[in-house]
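These are my notebook entries on a handful of places that I looked up one after another.

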Amino acid sequence: MNASVSVPSLFNLRPEAEQAPSSGIVDVFNHARGREGVIPLWVGEGDLPTPAFICDAASRSLAAGETFYTYQRGIPDLRQALARYHERVYGLPSDPERFFVTTGGMPAMQIAMRMVAGNGDDVLIPTPAWPNFVGAVTVAGARPVAVPMVFGQNGWNLDFERLEASVTPRSRAILVNSPANPTGWTATLSDLRALLDFARRHGLWIVADEIYGRFVHDPALAIDGRAPSFRDVMSPEDRILFVQTFSKNWAMTGWRLGWLEAPPALGQVIENLIQYQTSGTPVFVQRGGIAALEDGEDFVAHQIDRARTGREIVGRLADTGYVDLPPPSGAFYAFLKIKGGRTSKEVAMALIEEAKVGLAPGSAFGEAGEGYLRLCYAREASDLEEAVRRIAEALPRIAG
Ligand code: PMP
(Lines give C-alpha, C1' and ligand atoms only; values in the text may rest on other atoms or scores of the structure.)
Protein backbone atom coordinates (compact mmCIF):
# COMPACT_ATOMS: atom_id res chain seq x y z
CA MET A 1 0.00 0.00 0.00
CA ASN A 2 1.13 3.62 -0.26
CA ALA A 3 3.86 5.02 1.92
CA SER A 4 2.89 6.59 5.22
CA VAL A 5 3.97 10.10 6.13
CA SER A 6 7.24 10.57 8.01
CA VAL A 7 6.79 12.98 10.92
CA PRO A 8 9.72 13.92 13.24
CA SER A 9 9.59 11.77 16.39
CA LEU A 10 9.52 14.95 18.46
CA PHE A 11 5.79 15.22 17.75
CA ASN A 12 5.12 11.74 19.11
CA LEU A 13 1.98 11.23 17.02
CA ARG A 14 -0.35 8.28 17.33
CA PRO A 15 0.70 5.61 14.80
CA GLU A 16 -2.87 5.49 13.44
CA ALA A 17 -2.46 9.10 12.27
CA GLU A 18 1.13 8.84 11.14
CA GLN A 19 0.55 5.64 9.20
CA ALA A 20 -2.40 7.00 7.24
CA PRO A 21 -1.29 6.65 3.60
CA SER A 22 -0.85 9.65 1.30
CA SER A 23 -2.77 9.74 -1.95
CA GLY A 24 -0.81 8.29 -4.85
CA ILE A 25 -2.82 10.40 -7.30
CA VAL A 26 -1.73 13.74 -5.87
CA ASP A 27 1.84 13.47 -7.26
CA VAL A 28 0.50 13.21 -10.78
CA PHE A 29 -1.97 15.98 -10.12
CA ASN A 30 0.85 18.21 -8.84
CA HIS A 31 2.91 17.40 -11.91
CA ALA A 32 0.08 18.71 -14.08
CA ARG A 33 -0.56 21.83 -11.99
CA GLY A 34 -0.19 25.00 -14.03
CA ARG A 35 -0.07 23.19 -17.38
CA GLU A 36 -2.66 24.43 -19.82
CA GLY A 37 -5.04 22.13 -21.63
CA VAL A 38 -4.62 18.91 -19.63
CA ILE A 39 -7.78 16.76 -19.84
CA PRO A 40 -8.30 15.64 -16.23
CA LEU A 41 -9.43 12.00 -16.21
CA TRP A 42 -7.74 11.08 -12.91
CA VAL A 43 -10.53 12.20 -10.62
CA GLY A 44 -13.40 10.09 -9.35
CA GLU A 45 -16.18 12.40 -10.43
CA GLY A 46 -18.07 13.47 -13.49
CA ASP A 47 -17.92 16.89 -15.13
CA LEU A 48 -21.59 17.86 -14.69
CA PRO A 49 -22.60 20.35 -11.99
CA THR A 50 -25.40 19.48 -9.57
CA PRO A 51 -28.79 19.92 -11.27
CA ALA A 52 -30.55 23.20 -10.47
CA PHE A 53 -33.63 21.60 -8.85
CA ILE A 54 -31.37 20.12 -6.16
CA CYS A 55 -29.56 23.43 -5.54
CA ASP A 56 -32.92 25.23 -5.40
CA ALA A 57 -34.19 22.91 -2.68
CA ALA A 58 -31.10 23.70 -0.59
CA SER A 59 -31.47 27.45 -1.22
CA ARG A 60 -35.12 27.39 -0.17
CA SER A 61 -34.14 25.63 3.03
CA LEU A 62 -31.50 28.27 3.83
CA ALA A 63 -33.92 31.06 3.03
CA ALA A 64 -36.47 29.46 5.36
CA GLY A 65 -33.95 29.60 8.21
CA GLU A 66 -33.06 25.91 8.48
CA THR A 67 -29.68 26.78 9.91
CA PHE A 68 -29.77 25.10 13.31
CA TYR A 69 -28.37 21.89 14.82
CA THR A 70 -30.41 18.94 13.76
CA TYR A 71 -31.13 15.23 14.19
CA GLN A 72 -27.89 13.23 14.45
CA ARG A 73 -29.37 10.37 12.41
CA GLY A 74 -30.63 12.68 9.67
CA ILE A 75 -33.92 14.55 9.29
CA PRO A 76 -36.93 12.20 9.23
CA ASP A 77 -37.99 13.47 5.77
CA LEU A 78 -34.69 12.34 4.26
CA ARG A 79 -34.66 9.00 6.08
CA GLN A 80 -38.16 8.32 4.75
CA ALA A 81 -37.14 9.40 1.25
CA LEU A 82 -34.17 7.01 1.47
CA ALA A 83 -36.47 4.14 2.42
CA ARG A 84 -38.73 4.92 -0.56
CA TYR A 85 -35.71 5.16 -2.87
CA HIS A 86 -34.48 1.73 -1.76
CA GLU A 87 -37.90 0.21 -2.22
CA ARG A 88 -38.01 1.59 -5.74
CA VAL A 89 -34.49 0.60 -6.79
CA TYR A 90 -34.18 -2.76 -5.01
CA GLY A 91 -37.81 -3.83 -5.00
CA LEU A 92 -37.76 -4.68 -1.30
CA PRO A 93 -39.60 -3.06 1.60
CA SER A 94 -37.32 -0.76 3.58
CA ASP A 95 -37.49 0.78 7.04
CA PRO A 96 -36.43 4.45 7.51
CA GLU A 97 -34.78 3.39 10.77
CA ARG A 98 -32.12 1.58 8.73
CA PHE A 99 -30.75 4.84 7.27
CA PHE A 100 -28.27 7.20 8.92
CA VAL A 101 -27.36 10.41 7.12
CA THR A 102 -23.66 11.29 7.00
CA THR A 103 -21.57 14.09 5.54
CA GLY A 104 -20.54 11.97 2.55
CA GLY A 105 -19.72 8.37 1.75
CA MET A 106 -16.29 8.67 3.33
CA PRO A 107 -17.61 9.57 6.81
CA ALA A 108 -20.10 6.68 6.48
CA MET A 109 -17.13 4.41 5.77
CA GLN A 110 -15.26 5.79 8.76
CA ILE A 111 -18.18 5.19 11.10
CA ALA A 112 -18.58 1.67 9.75
CA MET A 113 -14.92 0.98 10.46
CA ARG A 114 -15.06 2.46 13.93
CA MET A 115 -17.93 0.11 14.74
CA VAL A 116 -16.35 -3.09 13.57
CA ALA A 117 -12.55 -2.91 13.66
CA GLY A 118 -9.85 -1.35 15.81
CA ASN A 119 -6.54 -2.13 17.42
CA GLY A 120 -5.43 -5.71 16.82
CA ASP A 121 -8.04 -6.36 14.13
CA ASP A 122 -7.60 -7.12 10.44
CA VAL A 123 -9.87 -5.99 7.64
CA LEU A 124 -9.70 -7.84 4.33
CA ILE A 125 -9.74 -5.67 1.21
CA PRO A 126 -9.82 -7.18 -2.28
CA THR A 127 -7.39 -5.09 -4.35
CA PRO A 128 -6.87 -3.03 -6.48
CA ALA A 129 -9.11 -0.83 -4.34
CA TRP A 130 -9.98 2.79 -3.73
CA PRO A 131 -7.12 3.97 -1.45
CA ASN A 132 -9.45 5.52 1.14
CA PHE A 133 -10.43 2.02 2.27
CA VAL A 134 -6.90 1.45 3.50
CA GLY A 135 -6.96 4.94 5.02
CA ALA A 136 -10.23 4.36 6.89
CA VAL A 137 -9.05 1.01 8.26
CA THR A 138 -5.69 2.45 9.30
CA VAL A 139 -7.05 5.49 11.14
CA ALA A 140 -9.49 3.21 12.97
CA GLY A 141 -6.36 1.50 14.34
CA ALA A 142 -6.94 -1.77 12.46
CA ARG A 143 -4.73 -3.41 9.85
CA PRO A 144 -5.73 -3.47 6.18
CA VAL A 145 -5.01 -6.85 4.58
CA ALA A 146 -4.84 -6.57 0.80
CA VAL A 147 -6.18 -9.65 -0.99
CA PRO A 148 -5.28 -9.27 -4.67
CA MET A 149 -7.95 -10.12 -7.22
CA VAL A 150 -6.99 -12.01 -10.38
CA PHE A 151 -6.90 -10.39 -13.78
CA GLY A 152 -7.76 -12.53 -16.77
CA GLN A 153 -9.19 -12.22 -20.25
CA ASN A 154 -12.61 -11.34 -18.93
CA GLY A 155 -11.30 -8.79 -16.47
CA TRP A 156 -11.04 -8.98 -12.70
CA ASN A 157 -12.27 -11.70 -10.40
CA LEU A 158 -12.23 -12.45 -6.70
CA ASP A 159 -9.70 -15.05 -5.58
CA PHE A 160 -11.64 -17.08 -3.02
CA GLU A 161 -8.69 -19.35 -2.22
CA ARG A 162 -6.61 -16.35 -1.36
CA LEU A 163 -9.45 -14.85 0.68
CA GLU A 164 -9.73 -18.06 2.72
CA ALA A 165 -5.96 -18.14 3.20
CA SER A 166 -5.98 -14.54 4.45
CA VAL A 167 -8.37 -15.17 7.34
CA THR A 168 -6.82 -15.31 10.81
CA PRO A 169 -8.28 -15.03 14.31
CA ARG A 170 -7.66 -11.27 13.97
CA SER A 171 -9.95 -10.90 10.95
CA ARG A 172 -13.04 -8.86 11.75
CA ALA A 173 -14.42 -7.59 8.47
CA ILE A 174 -14.24 -7.66 4.71
CA LEU A 175 -14.75 -4.60 2.58
CA VAL A 176 -16.60 -5.32 -0.66
CA ASN A 177 -16.83 -2.60 -3.29
CA SER A 178 -19.04 -3.58 -6.21
CA PRO A 179 -19.16 -2.13 -8.84
CA ALA A 180 -15.56 -1.33 -8.03
CA ASN A 181 -13.39 1.71 -8.17
CA PRO A 182 -10.91 1.44 -9.91
CA THR A 183 -11.40 -1.86 -11.79
CA GLY A 184 -15.08 -1.72 -12.77
CA TRP A 185 -15.40 -5.29 -11.45
CA THR A 186 -19.03 -6.02 -10.62
CA ALA A 187 -20.00 -8.94 -8.41
CA THR A 188 -22.43 -11.49 -9.80
CA LEU A 189 -25.20 -12.80 -7.56
CA SER A 190 -23.17 -15.96 -7.11
CA ASP A 191 -20.09 -13.93 -6.08
CA LEU A 192 -22.25 -12.17 -3.49
CA ARG A 193 -23.65 -15.45 -2.19
CA ALA A 194 -20.13 -16.87 -1.91
CA LEU A 195 -18.91 -13.74 -0.11
CA LEU A 196 -21.82 -13.85 2.29
CA ASP A 197 -21.18 -17.52 2.98
CA PHE A 198 -17.47 -16.74 3.53
CA ALA A 199 -18.31 -13.91 5.96
CA ARG A 200 -20.86 -16.00 7.86
CA ARG A 201 -18.47 -18.95 8.24
CA HIS A 202 -15.69 -16.75 9.63
CA GLY A 203 -17.92 -14.44 11.69
CA LEU A 204 -16.88 -11.37 9.67
CA TRP A 205 -18.72 -8.13 9.13
CA ILE A 206 -19.25 -7.11 5.54
CA VAL A 207 -18.79 -3.44 4.77
CA ALA A 208 -20.56 -3.13 1.43
CA ASP A 209 -19.69 -0.14 -0.72
CA GLU A 210 -22.26 -0.24 -3.49
CA ILE A 211 -22.09 3.46 -4.35
CA TYR A 212 -21.73 2.74 -8.08
CA GLY A 213 -24.65 0.30 -8.03
CA ARG A 214 -26.66 2.28 -10.58
CA PHE A 215 -23.79 2.14 -13.08
CA VAL A 216 -23.86 -1.39 -14.47
CA HIS A 217 -22.94 -1.78 -18.12
CA ASP A 218 -22.95 -5.52 -18.63
CA PRO A 219 -26.58 -6.44 -19.39
CA ALA A 220 -25.94 -10.03 -18.28
CA LEU A 221 -25.33 -8.74 -14.76
CA ALA A 222 -28.02 -6.08 -14.43
CA ILE A 223 -31.09 -6.63 -12.27
CA ASP A 224 -33.77 -4.06 -13.16
CA GLY A 225 -31.03 -1.80 -14.46
CA ARG A 226 -28.86 -1.86 -11.35
CA ALA A 227 -25.97 -4.03 -10.16
CA PRO A 228 -26.52 -7.12 -7.99
CA SER A 229 -26.52 -6.13 -4.33
CA PHE A 230 -26.04 -7.89 -1.02
CA ARG A 231 -29.69 -6.93 -0.47
CA ASP A 232 -30.58 -9.58 -3.03
CA VAL A 233 -29.00 -12.39 -1.03
CA MET A 234 -28.87 -11.35 2.63
CA SER A 235 -31.09 -12.14 5.61
CA PRO A 236 -32.06 -9.43 8.11
CA GLU A 237 -29.70 -10.85 10.74
CA ASP A 238 -26.62 -10.70 8.52
CA ARG A 239 -23.85 -8.39 9.68
CA ILE A 240 -23.70 -5.99 6.76
CA LEU A 241 -23.13 -2.24 6.77
CA PHE A 242 -23.82 -0.39 3.52
CA VAL A 243 -21.85 2.73 2.73
CA GLN A 244 -23.58 5.10 0.35
CA THR A 245 -23.34 8.59 -1.10
CA PHE A 246 -25.16 11.21 -3.14
CA SER A 247 -21.84 12.19 -4.74
CA LYS A 248 -21.93 10.18 -7.95
CA ASN A 249 -25.57 9.48 -8.94
CA TRP A 250 -26.62 13.09 -8.54
CA ALA A 251 -23.31 14.90 -9.22
CA MET A 252 -23.06 16.12 -5.62
CA THR A 253 -19.41 15.42 -4.73
CA GLY A 254 -18.94 18.87 -3.17
CA TRP A 255 -22.05 18.70 -1.01
CA ARG A 256 -20.69 16.05 1.32
CA LEU A 257 -23.84 14.02 1.71
CA GLY A 258 -24.08 10.26 2.11
CA TRP A 259 -25.64 7.61 4.27
CA LEU A 260 -24.89 4.48 6.20
CA GLU A 261 -27.42 1.66 6.08
CA ALA A 262 -27.32 -0.62 9.10
CA PRO A 263 -29.55 -2.79 11.29
CA PRO A 264 -31.87 -0.45 13.28
CA ALA A 265 -30.60 -2.06 16.51
CA LEU A 266 -27.33 -0.15 15.98
CA GLY A 267 -29.17 3.19 15.86
CA GLN A 268 -28.01 4.59 19.19
CA VAL A 269 -24.37 3.60 18.60
CA ILE A 270 -24.38 5.22 15.16
CA GLU A 271 -26.11 8.30 16.53
CA ASN A 272 -23.35 8.64 19.15
CA LEU A 273 -20.58 8.19 16.59
CA ILE A 274 -22.13 10.84 14.34
CA GLN A 275 -22.36 13.15 17.35
CA TYR A 276 -18.60 12.87 17.93
CA GLN A 277 -17.74 13.00 14.25
CA THR A 278 -19.72 15.86 12.68
CA SER A 279 -22.64 16.38 15.06
CA GLY A 280 -24.99 16.01 12.13
CA THR A 281 -25.35 16.97 8.48
CA PRO A 282 -26.59 20.50 7.62
CA VAL A 283 -30.35 20.51 7.08
CA PHE A 284 -30.18 22.50 3.85
CA VAL A 285 -27.81 19.91 2.40
CA GLN A 286 -30.26 17.18 3.39
CA ARG A 287 -33.11 19.06 1.66
CA GLY A 288 -31.01 18.91 -1.52
CA GLY A 289 -30.72 15.16 -0.96
CA ILE A 290 -34.50 14.75 -0.71
CA ALA A 291 -34.95 16.58 -4.03
CA ALA A 292 -32.31 14.33 -5.61
CA LEU A 293 -34.03 11.14 -4.44
CA GLU A 294 -37.55 12.26 -5.31
CA ASP A 295 -37.01 14.05 -8.61
CA GLY A 296 -33.57 12.92 -9.77
CA GLU A 297 -34.32 9.80 -11.80
CA ASP A 298 -34.08 11.52 -15.18
CA PHE A 299 -30.73 12.98 -14.23
CA VAL A 300 -29.41 9.61 -13.02
CA ALA A 301 -30.56 8.03 -16.29
CA HIS A 302 -28.79 10.76 -18.23
CA GLN A 303 -25.55 10.17 -16.30
CA ILE A 304 -25.72 6.41 -16.85
CA ASP A 305 -26.28 6.99 -20.55
CA ARG A 306 -23.32 9.32 -20.75
CA ALA A 307 -21.12 6.84 -18.89
CA ARG A 308 -22.06 4.11 -21.40
CA THR A 309 -21.05 6.35 -24.28
CA GLY A 310 -17.83 7.23 -22.45
CA ARG A 311 -17.08 3.56 -21.86
CA GLU A 312 -17.46 2.83 -25.54
CA ILE A 313 -15.16 5.68 -26.53
CA VAL A 314 -12.35 4.79 -24.14
CA GLY A 315 -12.77 1.12 -25.04
CA ARG A 316 -11.15 2.03 -28.35
CA LEU A 317 -7.83 2.32 -26.54
CA ALA A 318 -7.68 -1.48 -26.67
CA ASP A 319 -7.21 -1.14 -30.46
CA THR A 320 -3.88 0.63 -29.96
CA GLY A 321 -2.22 -2.66 -29.06
CA TYR A 322 -0.51 -0.96 -26.10
CA VAL A 323 -3.11 -1.64 -23.44
CA ASP A 324 -5.32 -4.53 -22.31
CA LEU A 325 -8.79 -3.35 -21.42
CA PRO A 326 -11.55 -5.88 -20.93
CA PRO A 327 -14.77 -3.79 -20.97
CA PRO A 328 -15.48 -2.73 -17.37
CA SER A 329 -18.80 -4.18 -16.14
CA GLY A 330 -19.73 -1.28 -13.87
CA ALA A 331 -18.87 2.11 -12.27
CA PHE A 332 -17.29 4.73 -14.55
CA TYR A 333 -13.63 3.85 -14.66
CA ALA A 334 -11.44 2.08 -17.19
CA PHE A 335 -8.45 0.34 -15.63
CA LEU A 336 -5.96 -0.03 -18.46
CA LYS A 337 -3.18 -2.58 -18.27
CA ILE A 338 -0.16 -1.01 -19.90
CA LYS A 339 2.17 -3.13 -21.97
CA GLY A 340 5.91 -2.59 -21.59
CA GLY A 341 8.10 -2.31 -18.54
CA ARG A 342 7.46 1.19 -17.22
CA THR A 343 5.77 1.81 -13.90
CA SER A 344 2.26 3.20 -13.85
CA LYS A 345 3.52 6.42 -12.29
CA GLU A 346 6.12 6.88 -15.03
CA VAL A 347 3.51 6.36 -17.71
CA ALA A 348 1.03 8.69 -15.97
CA MET A 349 3.70 11.43 -15.75
CA ALA A 350 4.73 10.91 -19.38
CA LEU A 351 1.09 11.09 -20.53
CA ILE A 352 0.81 14.51 -18.94
CA GLU A 353 3.93 15.73 -20.71
CA GLU A 354 3.30 14.15 -24.07
CA ALA A 355 -0.46 13.78 -24.38
CA LYS A 356 -1.77 16.36 -21.91
CA VAL A 357 -4.11 13.80 -20.43
CA GLY A 358 -4.22 13.12 -16.70
CA LEU A 359 -4.75 9.50 -15.62
CA ALA A 360 -4.35 8.02 -12.15
CA PRO A 361 -1.44 5.58 -11.70
CA GLY A 362 -2.62 2.08 -10.76
CA SER A 363 -0.06 1.94 -7.95
CA ALA A 364 -2.28 4.39 -6.04
CA PHE A 365 -4.78 1.52 -5.64
CA GLY A 366 -2.40 -0.90 -3.93
CA GLU A 367 0.39 -3.13 -5.17
CA ALA A 368 -2.04 -5.13 -7.28
CA GLY A 369 -2.70 -1.96 -9.30
CA GLU A 370 0.90 -1.49 -10.46
CA GLY A 371 1.09 -1.71 -14.23
CA TYR A 372 -2.36 -0.16 -14.71
CA LEU A 373 -3.80 3.32 -15.19
CA ARG A 374 -7.26 4.47 -14.12
CA LEU A 375 -9.29 6.65 -16.42
CA CYS A 376 -12.61 8.19 -15.37
CA TYR A 377 -15.02 8.23 -18.30
CA ALA A 378 -17.92 10.13 -16.69
CA ARG A 379 -17.29 13.05 -19.03
CA GLU A 380 -18.37 14.85 -22.13
CA ALA A 381 -17.92 12.60 -25.18
CA SER A 382 -15.89 15.20 -27.10
CA ASP A 383 -13.32 15.43 -24.24
CA LEU A 384 -13.02 11.66 -24.16
CA GLU A 385 -12.63 11.42 -27.95
CA GLU A 386 -9.82 13.95 -27.78
CA ALA A 387 -8.18 12.21 -24.80
CA VAL A 388 -8.27 8.84 -26.58
CA ARG A 389 -6.79 10.38 -29.71
CA ARG A 390 -3.95 11.97 -27.74
CA ILE A 391 -3.20 8.85 -25.66
CA ALA A 392 -3.23 6.59 -28.74
CA GLU A 393 -0.82 8.93 -30.45
CA ALA A 394 1.58 9.10 -27.46
CA LEU A 395 1.51 5.48 -26.27
CA PRO A 396 3.88 4.04 -28.89
CA ARG A 397 6.54 6.46 -27.65
CA ILE A 398 5.99 6.08 -23.92
CA ALA A 399 4.71 2.57 -23.20
CA GLY A 400 8.26 1.22 -23.72
N1 PMP B 1 -16.58 4.64 -2.19
C2 PMP B 1 -15.97 4.65 -3.36
C3 PMP B 1 -15.67 3.35 -4.02
C4 PMP B 1 -15.62 5.86 -3.98
O5 PMP B 1 -15.03 5.83 -5.18
C6 PMP B 1 -15.93 7.07 -3.32
C7 PMP B 1 -15.58 8.41 -3.91
N8 PMP B 1 -14.57 8.44 -4.81
C9 PMP B 1 -16.59 7.01 -2.08
C10 PMP B 1 -16.88 5.77 -1.53
C11 PMP B 1 -16.92 8.21 -1.24
O12 PMP B 1 -17.62 9.20 -1.82
P13 PMP B 1 -17.92 10.57 -1.07
O14 PMP B 1 -17.10 10.65 0.18
O15 PMP B 1 -17.62 11.64 -2.06
O16 PMP B 1 -19.35 10.55 -0.75
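With Y212, a side-chain N or O atom lies 2.8 Å from an oxygen atom of the ligand, and with M106 a backbone N or O atom is 3.0 Å from an oxygen atom of the ligand. Taken alone the ligand exposes 400 Å², of which the protein buries 92%, with areas from the Shrake-Rupley method and a 1.4 Å probe. I noted 14 residues around the ligand, the closest being G105, D209, T245, K248 and R256, where near means that a heavy atom of the residue lies within 4 Å of the molecule.

Entry on the source. I keep in mind that this is a predicted model, in which local features need pLDDT of at least 70 and side-chain atom pairs count only at pLDDT 80 or more, while totals for chains, interfaces and linings use all residues. Residues are numbered from 1 along each chain as its sequence is written, and side-chain values use heavy atoms, with hydrogens and water left out.

Entry on helix α6. I found that α6 (residues 131-139) is mostly covered, with 7 of its 9 residues buried; helices (H or I, at least four residues) and strands (E, at least two) are DSSP runs numbered from the N terminus, and buried means under 20% relative accessible area, exposed over 50% and partly exposed in between, with a 1.4 Å probe and protein chains only. The buried residues are P131, F133, V134, G135, A136, V137 and T138, and their cover includes α1 (15-18), α5 (105-116), β3 (122-127), β4 (143-148), β7 (171-177) and β8 (205-209). After α6 comes G141, with a positive phi near 95°.

Entry on S344. I placed S344 in helix α12 (residues 344-355), where its relative accessibility of 0% is why S344 counts as buried. The side chain of S344 reaches the backbone nitrogen of G362 at 3.4 Å. Not counting residues up to four places away in sequence, S344 touches I338, P361, G362, S363, E370, G371, Y372 and L373, contact meaning heavy atoms within 4.5 Å.

Entry on S94. Is S94 buried or exposed? S94 is buried, because its relative accessible area is 17%, and this residue lies in the loop between α4 (76-90) and β2 (99-102). Beyond residues up to four places away in sequence, S94 touches A83, H86, E87 and F99.

I found E271 in helix α9 (residues 267-277), partly exposed because its relative accessible area is 23%. Leaving aside neighbours within four places in sequence, E271 is in contact with Q72 and R73, and the C-alpha atoms of E271 and Q72, although 199 residues apart along the chain, are separated by 5.6 Å. L189 belongs to helix α8 (residues 189-202) and, at 27% relative accessibility, counts as partly exposed. I223, P228, D232 and V233 are touched by L189 when residues up to four places away in sequence are not counted.

Definitions and conventions:
Polar contact = N/O pair within 3.5 Å; in protein donor to acceptor, adjacent residues only side chain to side chain.
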